[in-house]
Amino acid sequence: MRVYLPSTIPALARVVAAGELGPAPLTGFAVTPALIEWYASGDTEELEYVALTEAARGSLRMLAADRADGVQAAARRVVIAAEVPDETVKTGAELEERARVRVLEPIPMRLVAAVHVDDADALPDVEAAIAALSAADGGDDDAQFVVDGAEDHELLWYATQEIPDLLS
């Protein structure tokens, strides 16, 4: 199963250094039965895009948490795409979001298929989204508009052999 896992540049560096994503359980996003049922008219590619977008939202939240902890990293959303065995993925109605899954085992780097990262052009909008996230969560429509503006930027696709270039 293809799973999209939210990350950041510093977190990606830690994953590479450790040789795996972990510890488990990991929260990711995938094409789940609930997502298929909810998005009945979509094909697989559209459904995967929904899961990728959900993971990008998770990455934005990770960036905001890092900022709250004083970590100053580039405001670039990062999503790690991995092909994991179906039996290591838990989906269910009790999970809050339709695409959300739990990966029950660490994911070795050999299962990582690609990394999706914001282009440098997205930095101002992602930075603004990070600053507006708390207000958006509180129901501020203007702040939500700013947060949604980060999604106007498509994440770029990088092969696994390009990860060292992303980290340098």
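This is a predicted model: local features need pLDDT of at least 70, side-chain atom pairs count only at pLDDT 80 or more; totals for chains, interfaces and linings use all residues.
## The largest pocket

The largest pocket of the model has a volume of about 600 Å³. Its lining comprises 31 residues, of which Pro6, Arg57, Gly58, Arg61 and Met62 are the closest to the centre. Two or more lining residues come from each of β1 (2-7), α1 (9-18), β2 (20-21), β3 (26-30), α3 (44-68), α4 (123-137) and α5 (141-150). Helix α3 gives the most to this lining, with seven residues.

Sorted by class, the lining of the largest pocket contains 15 nonpolar, five polar and eleven charged residues.

## The second largest pocket

The second largest pocket has a volume of about 170 Å³. Ten residues line it, and those closest to its centre are Trp38, Val50, Glu54, Arg57 and Arg98.

Helices α2 (33-38) and α3 each contribute at least two residues to the lining of the second largest pocket. The largest contribution is that of α3, with four residues. By class, this lining has four nonpolar residues, one polar residue and five charged residues.

In soluble globular proteins, nonpolar side chains tend to be buried together. In this model, the largest nonpolar core holds 22 residues, and the members that touch the most others are Val3, Leu5, Leu21, Ile107, Val115 and Val117. At least two residues of this core are supplied by each of β1, α1, β3, β4 (78-83), β6 (100-103), β8 (112-117) and α6 (163-167). When residues up to four places away in sequence are not counted, Val117 touches Ile9, Arg76, Arg77, Val78, Leu155, Leu156, Tyr158 and Leu166.

Helix α3 consists of 25 residues and spans 36 Å between its first and last C-alpha atoms, close to the 36 Å expected at 1.5 Å a residue. Just after this helix, Gly70 adopts a positive phi of about 85°.

Ser59 is located in α3. It counts as buried because its relative accessibility is 0%, and the cut-off for burial is under 20%. Apart from its neighbours within four places in sequence, Ser59 contacts Pro6, Ser7, Thr8, Arg76, Arg77 and Val78. Arg76, Arg77 and Val78 are also among the residues that Val117 touches.

## Pro164 in helix α6

Pro164 lies in helix α6. Its relative accessibility is 52%, so Pro164 counts as exposed, the cut-off being over 50%. Pro164 and Arg57 are 107 residues apart along the chain, and their C-alpha atoms are separated by 24 Å.

Most residues other than glycine have a negative phi, and most peptide bonds are trans. Two cis bonds are described here. The peptide bond from Gly22 to Pro23 is cis, with omega near 0°, and Pro23 is placed in the loop between β2 and β3. The bond joining Ala24 and Pro25 is likewise cis, with omega of about 0°; Pro25 is also found in the loop between β2 and β3.

Notes. Residues are numbered from 1 along each chain as its sequence is written. Side-chain values use heavy atoms; hydrogens and water are left out. On a 1 Å grid over the protein atoms alone, a cavity is a set of points where a 1.4 Å probe fits but cannot get out, and a pocket is an open set with protein on both sides within 12 Å along at least five of seven lines; lining residues have an atom within 4 Å of a point. Grid points are joined across faces, edges and corners, and a volume is the space filled by probe spheres set on the points. Ala, Val, Leu, Ile, Met, Phe, Trp, Tyr, Cys and Pro count as nonpolar, Asp, Glu, Lys and Arg as charged, and the others, Gly among them, as polar. A nonpolar core is a set of buried Ala, Val, Leu, Ile, Met, Phe, Trp, Tyr and Cys residues joined through side-chain atoms within 4.5 Å. Buried means under 20% relative accessible area, exposed over 50%, partly exposed in between (1.4 Å probe, protein chains only). Contact means heavy atoms within 4.5 Å. The expected span of a helix is 1.5 Å times one less than its number of residues.
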